[in-house]
Amino acid sequence: MEDIRYTTKSKLAYEVLKQRIETQYYRQGDSIVISTVAKEINASAIPIREAMKKLETEGYLKIIPHKGALVTRFSEEHIAEIIEIRAVLEGLATKKAIKSIGDKDIQNLNELIGCMDASIESQDILEFRKLNRQFHTMIYIASKGERLCDMIFQLWEMSDWAYKKMQESPEIMRKSNQEHREIVRMLIEKNEENIEQYVRAHKLKLKDK
């Protein structure tokens with residue numbers, strides 16, 4: 001029988017560590033000691049190790065055998081490289097989505113664009129980011145490229161947290177959402193010739209923020 005308490009502690013450790021890294025409580029290169037975290041959340045070392053393993057696969061940590069873990073150091077060059085790879089894969093996924101995306105999907109995408117407009121007006125950056133993620137996820141899933149989507153989502157996990165501290169201005173968000181409208185227009189028009197490069201350019205702008 002599965003140990004519910006173990007599962008809960010492992011999830012708790014994961015959430016605590018992830019939040020601390022994303023808020024820079026733990027900075028790049030910092031050492032995280034298993035016994036210290038275990039004491040802080042009143043857990044054994046086992047769920048802490050499991051949480052660290054998951055965070056390592058997502059790019060947050062590098063585990064040091066028999067010791068603990070180091071918060072991953074991401075140079076600007078490293079982040080830029082990941083974004084460049086993402087741009088290629090996400091452009092391809094959007095192009096592939098043209099063949100199978102339906103009217104209901106288009107309707108949902110337009111609704112998300114409207115919600116993003118509202119988040120821009122209220123200057124709710126976190127809400128904008130969440131809706132932006134939903135927008136692109138819907139398109140990539142429509143591509144029906146399971147392995148392609150897995151690679152994209154893994155790269156999201158490896159890179160998103162590294163630039164969450166960057167603050168988008170309302171002008172940047174409005175420009176981004178206008179580009180979302182153009183992406184939807186190209187999907188409707190089945191513009192395979194141009195949409196891949198357009199989405200690549202849209203994604204590469206992350207490097208300039």
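Mentor: Let us begin with Glu-90. In this predicted model, Glu-90 touches Tyr-140, Ile-152, Trp-156, Val-199 and Lys-203, not counting residues up to four places away in sequence.

Trainee: Which helix is Glu-90 found in?

Mentor: Glu-90 belongs to helix H4.

Trainee: Is Glu-90 buried or exposed?

Mentor: Glu-90 has a relative accessible area of 0%, so it counts as buried. The cut-off for buried is under 20%.

Trainee: And Glu-22, where is that found?

Mentor: Glu-22 lies in helix H1, which covers residues 4-22. Its relative accessibility is 23%, and Glu-22 is therefore classed as partly exposed. In space, the C-alpha atoms of Glu-22 and Tyr-60 are 9.0 Å apart, although 38 residues separate the two in sequence.

Trainee: Back to H4, please. At what angle does H4 pack with H9?

Mentor: Helix H4 (residues 76-97) and helix H9 (residues 192-204) pack at about 150°, and their axes are 8 Å apart. The two helices are therefore roughly antiparallel to each other. H4 passes H9 in a right-handed crossing.

Trainee: Which residues of H4 and H9 meet?

Mentor: On the H4 side they include Ile-83, Ala-87, Glu-90 and Lys-95, and on the H9 side they include Ile-195, Val-199 and Lys-203. By class, the contact of H4 with H9 has seven nonpolar, two polar and eight charged residues.

Trainee: How do the axes of H4 and H6 cross?

Mentor: They come within 7 Å and cross at roughly 60°. That angle makes H4 oblique to H6. The crossing of H4 and H6 is left-handed. Glu-90, Ala-93, Thr-94 and Ala-97 of H4 make the contact with Ile-139, Tyr-140 and Ala-142 of H6. Sorted by class, the residues of the contact of H4 with H6 are five nonpolar, one polar and one charged.

Trainee: What about H5 and H6, how do their axes cross?

Mentor: The axes of H5 and H6 come within 9 Å, with a crossing of roughly 165°. H5 is therefore roughly antiparallel to H6. The crossing of H5 and H6 is left-handed. Among the residues making this contact are Leu-109, Leu-112 and Met-116 of H5, together with Leu-131, Phe-135 and Ile-139 of H6. By class, the contact of H5 with H6 has 11 nonpolar, four polar and two charged residues.

Trainee: New topic: the largest nonpolar core. Which residues touch the most other members?

Mentor: Of its 35 residues, those are Leu-109, Phe-135, Ile-139, Tyr-140 and Leu-187. Each of H4, H5 (103-121), H6 (125-142), H7 (146-159), H8 (170-188) and H9 supplies at least two residues of this core.

Trainee: And where does the largest share of this core come from?

Mentor: The largest share, seven residues, comes from H6.

Trainee: What is Ile-139 in contact with?

Mentor: Leaving aside its neighbours within four places in sequence, Ile-139 is in contact with Thr-94, Ala-97, Leu-109, Ile-183 and Leu-187.

Technical notes
Residues are numbered from 1 along each chain as its sequence is written. This is a predicted model: local features need pLDDT of at least 70, side-chain atom pairs count only at pLDDT 80 or more; totals for chains, interfaces and linings use all residues. Side-chain values use heavy atoms; hydrogens and water are left out. Helices (H or I, at least four residues) and strands (E, at least two) are DSSP runs, numbered from the N terminus. Buried means under 20% relative accessible area, exposed over 50%, partly exposed in between (1.4 Å probe, protein chains only). Axes are lines fitted to C-alpha atoms, for helices over the stretch in contact, and angles run from 0 to 180 degrees between N-to-C directions. Angles under 35 degrees count as roughly parallel, over 145 as roughly antiparallel, 65 to 115 as roughly perpendicular and the rest as oblique. A crossing is left-handed if the near helix is turned anticlockwise from the far one by less than a right angle, and right-handed if clockwise. Contact means heavy atoms within 4.5 Å. Ala, Val, Leu, Ile, Met, Phe, Trp, Tyr, Cys and Pro count as nonpolar, Asp, Glu, Lys and Arg as charged, and the others, Gly among them, as polar. A nonpolar core is a set of buried Ala, Val, Leu, Ile, Met, Phe, Trp, Tyr and Cys residues joined through side-chain atoms within 4.5 Å.
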